[in-house]
Amino acid sequence: SAAEKGGWSSFMLKEITEEPEAVADTLRERIHDGDVLVPELAALGEEALRDVDRIIVVAAGTASYAGQVGTYAIETWARVPVDVQLAHEFRYRDPVVGPNTLVVSISQSGETMDTLMAVKHARELGARTISICNTQGATIPRESDAALYTHAGPEVAVASTKAFVAQITALYLLGLHLARVKGTLSLGERREMLDELLAVPEKIRFAIGEHERVAELAHWMGSASAVLFLGRHVGYPIALEGALKLKELAYIHAEGFAAGELKHGPIALIEPGLPVFVLVPSPRHSEEMHRKVISNIQEIRARGARVIAIAEQADAAVLPFADEVIALPLAGKFFEPLIAVVPLQLFALELATAKGLDVDQPRNLAKSVTVE
Ligand code: AGP
């Protein structure tokens with residue numbers, strides 16, 4: 001009802017505006033004296049965590065993309081290899097799992113059957129299991145050795161938005177906690193990352209402030225029959241997520257690609273007028289990646305694509321090459337996705353709205369998929 005939406009036009013829009021709190025509330029009580037300390041992880045025992053030599057994330061859909069974002073930071077900080085496996089594929093591939101493997105499931109609802117079965121399988125194989133979940137007391141956290149709850153609040157819209165940013169936040173807390181226990185990051189380095197995390201809510205607010213501009217873009221793209229998304233590094237899973245949102249809500253063919261993959265095939269799809277969103281990494285993090293993404297933009301623009309760049313405010317280099325730029329505040333390299341995903345969520349919402357579709361209840365989808 002309108003009352004439940006608190007005056008918002010949709011639950012989805014309401015939930016996007018709640019993203020700053022979703023991140024801030026997930027951080028709360030997990031930072032003590034300027035250092036990370038996640039009590040739920042501490043309960044597993046320091047030694048068990050120190051011995052972790054492999055992490056496998058199991059999840060589906062948007063939760064799996066949160067997992068993919070998390071891999072980059074966790075590997076860098078804790079020096080542990082991290083793989084993401086789709087929960088429904090995990091059981092059927094005879095996974096290599098040992099007692100020092102940590103299987104981290106991610107699920108907003110905590111009831112996704114595919115993910116639950118993956119967790120049960122991991123336990124049978126002797127792994128330790130942690131559930132990142134947004135729903136207190138749900139089945140998956142109950143079936144896991146530990147639960148690291150996200151505090152995004154109830155998510156009603158079928159399309160996951162605020163849970164996604166909360167899931168990445170929880171993975172970063174896990175990565176920093178592991179880095180402390182394993183001694184792979186100094187206190188100073190951990191503090192720097194925590195400061196970045198604490199600054200995210202304000203930057204998400206800025207991104208939400210770009211809503212009007214994003215809505216204008218959605219208007220001229222209302223008739224597009226396909227949209228592509230390109231990203232590199234942590235921007236790659238965000239490209240996948242941007243495409244998923246558009247499929248789910250606006251029923252448009254949308255694909256996300258790793259920008260480097262373009263020349264290995266997808267560039268054949270580029271034709272005049274095709275809208276392509278490009279997540280541009282800040283040159284301050286990597287000159288080289290930035291240069292490569294700009295050259296991708298030139299390649300697709302030369303073939304007539306309409307490029308919408310999502311870039312850092314101060315990145316003037318991108319301006320001459322893009323048709324449109326959505327400028328966002330600078331964030332540390334692992335933190336960009338938490339901010340860059342917001343315009344993509346808003347874009348899918350606006351495009352679906354422009355097409356007269358129900359953004360909270362897209363066709364054929366259920367909020368939580370409790371069958372295999
Ligand atoms: C996201 O917009 C989706 N509707 C879907 O991909 C979802 O993220 C997936 O089904 C996993 O759900 P869960 O987080 O509740 O396990």
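**Close-up views of a predicted model**

**View 1. The shell of residues around the ligand.** In this predicted model, 16 residues surround the ligand, and the closest are Gly61, Thr62, Ser107, Ser109 and Thr112; a residue is near a molecule or strand if its C-beta atom, placed from the backbone, lies within 6 Å of it. Sorted by class, the shell holds six nonpolar, nine polar and one charged residues, where Ala, Val, Leu, Ile, Met, Phe, Trp, Tyr, Cys and Pro count as nonpolar, Asp, Glu, Lys and Arg as charged, and the others, Gly among them, as polar. Residues are numbered from 1 along each chain as its sequence is written. Because the model is predicted, local features need pLDDT of at least 70 and side-chain atom pairs count only at pLDDT 80 or more, while totals for chains, interfaces and linings use all residues.

View 2. Strand β3 covers residues 54–59, and five of its six residues are buried, so the strand is largely enclosed by the rest of the structure. Here, buried means that 20 or more other C-beta atoms lie within 10 Å of a residue's own, exposed means 12 or fewer, and partly exposed lies in between, with C-beta atoms placed from the backbone. Strands (E, at least two residues) and helices (H or I, at least four residues) are DSSP runs, numbered from the N terminus, and two strands pair if DSSP finds at least two bridges between them. β3 pairs with β5 in the parallel sense over five bridges, and Ile55 has Leu102 in β5 as its bridge partner. β3 also pairs in the parallel sense with strand β4 (residues 82–86), over five bridges, and Val57 stands opposite Val84 in β4. From β3 the chain crosses through helix α5 (residues 62–78) to β4 in a right-handed β-α-β crossover, which is to say that, with the strands pointing away from the viewer, the path from the first strand over the helix to the second runs clockwise.

**View 3. Strand β7 beside strand β6.** Four bridges join strand β6 (residues 128–133) to β7, and the two run parallel, with Ile130 opposite Ala146 in β7. In a regular strand the side chains alternate between the two faces of the sheet. In β7 (residues 146–149), Ala146 and Leu148 point one way, Ala147 and Tyr149 point the other way, and all are buried.

**View 4. Helix α10 and its kink.** The 22 residues of helix α10 (residues 187–208) should span 32 Å at 1.5 Å a residue, and the end C-alpha atoms are 32 Å apart, which agrees; the expected span is 1.5 Å times one less than the number of residues. A kink of about 35° lies at Val200, shortly before the proline Pro201, the bend being the angle between axes fitted to the seven residues ending at a residue and the seven starting there. Among the buried residues of α10 are Arg190, Met193, Leu197 and Val200.

**View 5. Two loop residues with positive phi.** Most residues other than glycine have a negative phi. Asp94, in the loop between α6 (87–90) and β5 (101–107), has a positive phi near 55°, and Asp94 counts as exposed because it has 8 C-beta neighbours inside 10 Å. His233, in the loop between β8 (226–231) and α12 (235–250), likewise has a positive phi near 55°, but His233 is buried, with 22 other C-beta atoms within 10 Å.
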